[in-house]
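Student: Could you walk me through this model, one piece at a time? I'd like to know what the coordinates can tell us.

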Amino acid sequence: KIYGDADPELTAATRAIEGNSNSGLIGSDAVVYTVSRATGEDAGEYVITAVGDTTQGNYSVTYVPATFTIAAADGNVVIADNIAGAEGLTKAYDGLPAAIEAEAARPGSTLLYSLDGVNFTTENPEFYNVGSYDVYVKATNPNYNDTPIVRTTLTVNPAAVTVTASNATKVAGAADPAFTATVSGLVNGESADLISYTVSRA
């Protein structure tokens, strides 16, 4: 059966022992037995067992087990439409790691990530610098077929900073003082030394 479906009726059949022409039921004779399977509903294989008396009338009965298979189902999907801690797949640079926030539709799924769409790992890649990055995501689940691969593009845009020139004065005829400026808008405690600029006057 497919995972999630109801069990079909379990059956068994009587037959002669291979190579023994004196075995098998004669005419309308019958033997009595019940058929059940090992419990479990996850995808996998379970033993089917026929049970009854080993001696029934003129017959010595041997019971041979079979296999009941629960196949993985379709129906699992991955949603990956946010950067963790942000809305959507774009955010301004904040000095903190940016990573895809993904979710599988079926509980118990394992999310897998890739940078090339071929080699997948459970490690969710993180990006720090400005740029656009492709991330591929899929999910596995023991009871469902692997999801289609979802390709997302995560974008980190530059943060806005402002360089403000400082006021300066001098006495006419004196040399100009050194001109300075202040930088505002830097994030995560980063140094103003990261910003290159020059200050001059008209």
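Student: How many helices and strands does the protein chain hold?

Tutor: This is a predicted model, where local features need pLDDT of at least 70, side-chain atom pairs count only at pLDDT 80 or more, and totals for chains, interfaces and linings use all residues. Residues are numbered from 1 along each chain as its sequence is written, and side-chain values use heavy atoms, with hydrogens and water left out. Helices (H or I, at least four residues) and strands (E, at least two) are DSSP runs, numbered from the N terminus. By that count the protein chain has zero helices and 13 strands.

Student: What radius of gyration does the protein chain have?

Tutor: The radius is taken over C-alpha atoms, and the globule rule is 2.2 Å times the number of residues to the power 0.38. A compact globule of 202 residues would come out near 17 Å. The C-alpha atoms here fill a box of roughly 130 × 25 × 20 Å along the principal axes. The protein chain's radius of gyration is 36 Å.

Student: What share of the residues counts as buried?

Tutor: Buried means under 20% relative accessible area, exposed means over 50%, and partly exposed is in between (1.4 Å probe, protein chains only). Of the 202 residues in the protein chain, the buried share is 24%.
Leu-10, in the segment before E1, counts as partly exposed because its relative accessibility is 22%. So the buried share of the chain to keep in mind is 24%.

Student: Which residues does Leu-10 touch, leaving out those up to four places away in sequence?

Tutor: Contact means heavy atoms within 4.5 Å. Leu-10 and Ser-191 are 181 residues apart along the chain, and their C-alpha atoms are separated by 72 Å. Leaving out residues up to four places away in sequence, Leu-10 touches Val-35, Ser-36, Arg-37, Ile-48 and Phe-68.

Student: What is the strand order in the open sheet of four strands?

Tutor: Two strands pair if DSSP finds at least two bridges between them. The edge strands, E7 (90-92) and E9 (110-114), each pair on one side only. Neighbouring strands are turned by 30° against each other on average, direction ignored, with axes as lines fitted to C-alpha atoms (for helices over the stretch in contact) and angles running from 0 to 180 degrees between N-to-C directions. The pairing is mixed, and the order is E7-E11-E10-E9.

Student: How many bridges join E10 to E11?

Tutor: E7 and E11 run parallel and are joined by three bridges, with Ala-92 partnered by Asn-157 in E11. E9 and E10 (residues 131-140) are antiparallel over five bridges, and Thr-110 stands opposite Thr-140 in E10. E10 and E11 also run antiparallel, and the number of bridges joining them is seven.

Student: Which residue in E11 is the bridge partner of Tyr-133?

Tutor: Tyr-133 lies in strand E10. Not counting residues up to four places away in sequence, Tyr-133 touches Phe-127, Thr-152, Thr-153 and Leu-154. The bridge partner in E11 is Leu-154.

Student: How far apart are the ring centres of Tyr-3 and Tyr-144?

Tutor: The structure holds two aromatic pairs; rings of Phe, Tyr and Trp (its six-membered ring) pair if their centres lie within 6.5 Å, with planes under 30 degrees apart stacked, over 60 edge-to-face and the rest tilted. Tyr-3 sits in the segment before strand E1 (34-37) and Tyr-144 in the loop between E10 and strand E11 (150-157), 141 residues apart. Their pair is edge-to-face with 75° between the planes, and the centre-to-centre distance is 5.3 Å.

Student: Why does the pair of Phe-127 and Tyr-133 count as stacked?

Tutor: Phe-127 is buried, with a relative accessible area of 11%. The ring centres of Phe-127 and Tyr-133 are 4.2 Å apart, and the pair is stacked because the planes stand at 15°.

Student: Which ring does the charged end of Lys-138 sit over?

Tutor: A charge sits over a ring if NZ of Lys or CZ of Arg is within 6 Å of the ring centre and within 35 degrees of the ring normal. Arg-37 lies over the face of Tyr-46, at 5.3 Å from the ring centre. The charged end of Lys-138 is 4.6 Å from the centre of the ring of Phe-120.
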